[in-house]
Amino acid sequence: MKMVLTILVAGGAVAASLAPPDAPLLAAMSAGSPAVSAAADDLHFHIAACYPHDPEAFTQGLIYRRGEFYESTGLVGQSSIRRVRIADGKVMQSAKVEPPHFGEGMTDWKSDVISITWRSGTAFRWDRKSLMLRKVQRYEGEGWGLTQDGRTLILSDGTDRLRFIDPESFAVLRTLPVTVNGRPLAALNELEWVEGAIYANVWQASQIVRIDPQSGKVTGILDLSDLAAVASRDNPDAVLNGIAYDAAGKRLFVTGKTWPLVFELRPGKPSARTTGCAQLPDAKVVGRVLPTAP
Ligand SMILES: [Ca+2]
């Protein structure tokens, strides 16, 4: 399947076929690709705004709560949990995740923020208001991404399997294999629960996949190659990673590791001026969600 991104420039539409930059996802998609049908293309986003993002933040987890971001960062010695003002990216409050831990994804649960670690099997529960550490919990294997669906935590570990976890006991309630066009899709990373679906970053891919939480099938692929090309600045580690959703405002926020920007995406085609996006002069970018095989 060819990835297609529609770029609207000064009112005119230009469809551009992109060279495949992302081995894991595109390899998984290479067989059995259906024809792309405009009618089946059920989701569009456009860039509504860009906001500054700490270019030192090795983003591993991002959520939106009550007008602010909570973000987790990685790397041993640089891992943190932080509360971030959206407008200017200012870190309002932070807590260190001490070595030897390598911070990974995070989400909130009731009055807590829960963060996970890459290889130490350790989850930290922080009080959301004070960011004081409340509790340490254990889980098996690696931790990459974390979100919650209102009932359970959902954890990725770099494989094609998502684990649904009891938020209190951390017991694994079920495991969901994720497939795209019938093939396992590994390297699932940062997660976000969006309108009844799981959105996932795929490590080293510039596309976000939308996963059916019951079947595990990828039901759409949001191609953000254009944003990644602007924001990664030729740094191979600066991959798209970080999805937050404002359910009330229907705003999707995306960023990446050490990206200088957070992008606010809204559904539909652009209608108003994009603000704060000097790096994308005169361009409004629409990521198309491409349909996959049923
Ligand atoms: Ca998230």
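Analyst: Two strands count as paired if DSSP finds at least two bridges between them. Keep in mind that this is a predicted model. Take β5 (residues 68–73) and β6 (residues 80–85): six bridges hold this antiparallel pair. Within it, Ser72 sits opposite Ile81 in β6.

User: Which open sheet do β5 and β6 belong to, and in what order do its strands come?

Analyst: Strands of a sheet pair through backbone hydrogen bonds, either parallel or antiparallel. Here the order is β4-β5-β6-β7, an open sheet of four strands with antiparallel pairing. At the edges you'll find β4 (59–65) and β7 (91–96), each pairing on one side only. From one strand to the next, the twist averages 15°.

User: And what order do the strands β8, β9, β10 and β11 take in their sheet?

Analyst: They run β8-β9-β10-β11, an open sheet of four strands, again paired antiparallel. β8 (103–109) and β11 (133–138) each have a single partner strand, so one side of each lacks a neighbour in the sheet. On average, neighbouring strands here are turned by 20° against each other, ignoring direction.

User: How many of the residues of β8 are buried?

Analyst: Five of the seven, so the rest of the structure largely encloses β8. "Buried" needs 20 or more other C-beta atoms within 10 Å of a residue's own.

User: What joins β8 to β9?

Analyst: Five bridges, with β9 (residues 112–117) running antiparallel to β8. Trp109 has Asp112 in β9 as its bridge partner. Two residues lie between the strands of this hairpin, and Lys110 takes a positive phi near 50°.

User: Where does Arg125 stand?

Analyst: Opposite Lys135 in β11. Strand β10 (residues 122–127) pairs with β11 over five bridges, in the antiparallel sense.

How values were computed: Residues are numbered from 1 along each chain as its sequence is written. This is a predicted model: local features need pLDDT of at least 70, side-chain atom pairs count only at pLDDT 80 or more; totals for chains, interfaces and linings use all residues. Axes are lines fitted to C-alpha atoms, for helices over the stretch in contact, and angles run from 0 to 180 degrees between N-to-C directions. A residue is buried if 20 or more other C-beta atoms lie within 10 Å of its own, exposed if 12 or fewer, and partly exposed in between; C-beta atoms are placed from the backbone.
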